[in-house]
Amino acid sequence: MEVLRKWLMISVVLVIVQRGEGQLSEDFYANSCPNVESIVSQAVSTKFTQTFVTVPSTLRLFFHDCFVEGCDASVIIQSPNGDAEKDAPDNLSLAGDGFDTVIKAKQAVEAQCPGVVSCADILALAARDVVVLAGGPSWEVELGRRDGLISQASRVAGNLPEPDFNLVQLNTLFARHNLNQFDMIALSGAHTVGFSHCDRFSDRIYSSPIDPTMDPNYALQLRQACPPNVDPSIAINMDPETPRTFDNVYYQNLIASKGMFTSDQVLETDPNSEPTVSDFATNPGNFNAAFTTAMRKLGRVGVKTGSEGEIRIDCTTFNS
C-alpha cells in the first residue's frame, strides 16, 4: 500500500511538471473572459470590411512576432527612440493594418475583460480569424500567452526568412522553432493572400537573363507592375490568380513557375520539397490540415506563461 501511495504521489508530481504553468489551453479564459473569441472575431470582421489588407498584414504580423522573442506581441511595441522590434529593417514593411487590427481588438476586449487577455493571445486569435474571413480553414487557438518585456530592433536580424533563401536555409531557420520542413511548406502557403514590395524580388526579373526558374510571361507581368524606379510603397500580390482567397493556388502557381520569391519557387524546384508542393497543389484538404497544424505549432514558439511577462493594457507600450 505504501509503495502504491508513493507511486501515485510521483505520478501526480510528474503530471504537474509536464503540465506546468507553461501549458497553453483552448479554454484558458473560460472563466475570466468567456466571450473573448467572439469579441476578437467581431473586431477583426469590422476591420476586414474596411480593407482586405487586414488579412495578409495580420497573418504576417503573427509570424514575425513569433519568430523574434516568441509569440509575445513584442513586435507591436512602439518606441519613441525608434529602436523597438517593429523598427528593424526586416519589419518596416509590416503593414499598419495588422497592428491596427490587434489594437482595435484589444480595446474591445479591455472594455469587457480589463487586464485579463494578453495582446499575444489576441494576435493569435486574429491570425486565425483573418484566415477564415479569406475563405481558409479554422482551428482551435491555444491560449494563455503573456506579453513579452523585450522589444529591440537589434534582436531581429537573422531571425526571419529572406526572399533569396534556399531549402536548407529555410529548414534551418524553422527548425530553431520546432517547425519541420512539412510545417514550413504549409506556412509558406500564407503567401496565397500575401503581397510584396518590388525590391524584394526585382533581382529575379531584372537579371540577365531573367531567373530561369520563373515563367518568362510572369516575369514580364511583374516587370510591368514594377518598372525601374518604381514607388517603393507599391505592393504586388504574391498569388496572381486568386490573391484575395486563402486557398491552395499558391502551390499550383509554384508548379507553373510563378513563385514570386526564390524562397517560394525553391519549394518546387528542390526534389526534397517538391512532393509536398505537388500534394498541396492537388489536395486542398491536405494543405488545410497541414496549415492548421503548423499554425498551432507556430503559436507555441517561445511563449511566456504563468508569472512570466505581463498582460499589457495598451499593446503598444509596456505597463511600466
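Among contacts in the protein chain between residues at least 6 apart in sequence, what percentage join residues at least 24 apart? The share is 73%, where contact means heavy atoms within 4.5 Å. This is a predicted model, in which local features need pLDDT of at least 70, side-chain atom pairs count only at pLDDT 80 or more, and totals for chains, interfaces and linings use all residues. Residues are numbered from 1 along each chain as its sequence is written, and side-chain values use heavy atoms, with hydrogens and water left out.

**Overall shape and burial**
- The radius of gyration, taken over C-alpha atoms, is compared with a globule rule of 2.2 Å times the number of residues to the power 0.38.
- For 320 residues a compact globule would have a value near 20 Å, and the 21 Å of the protein chain agrees.
- Of the 320 residues, 48% are buried, meaning under 20% relative accessible area with a 1.4 Å probe, protein chains only.

**Disulfides**
- A disulfide is a pair of cysteine sulfur atoms within 2.5 Å, and the count by this rule comes to 4.
- One of them joins Cys 33 to Cys 113, with S to S 2.0 Å; the link is right-handed, with 80 degrees about the S-S bond.
- Cys 33 and Cys 113 are both buried.
- Cys 66 is joined to Cys 71 at S to S 2.0 Å, and this link is right-handed at 120 degrees.
- Cys 119 pairs with Cys 315 at S to S 2.1 Å, in a left-handed link of -100 degrees.
- In sequence order, the bonded cysteines pair as 1-4, 2-3, 5-8, 6-7.

Note on methods. Buried means under 20% relative accessible area, exposed over 50%, partly exposed in between (1.4 Å probe, protein chains only).
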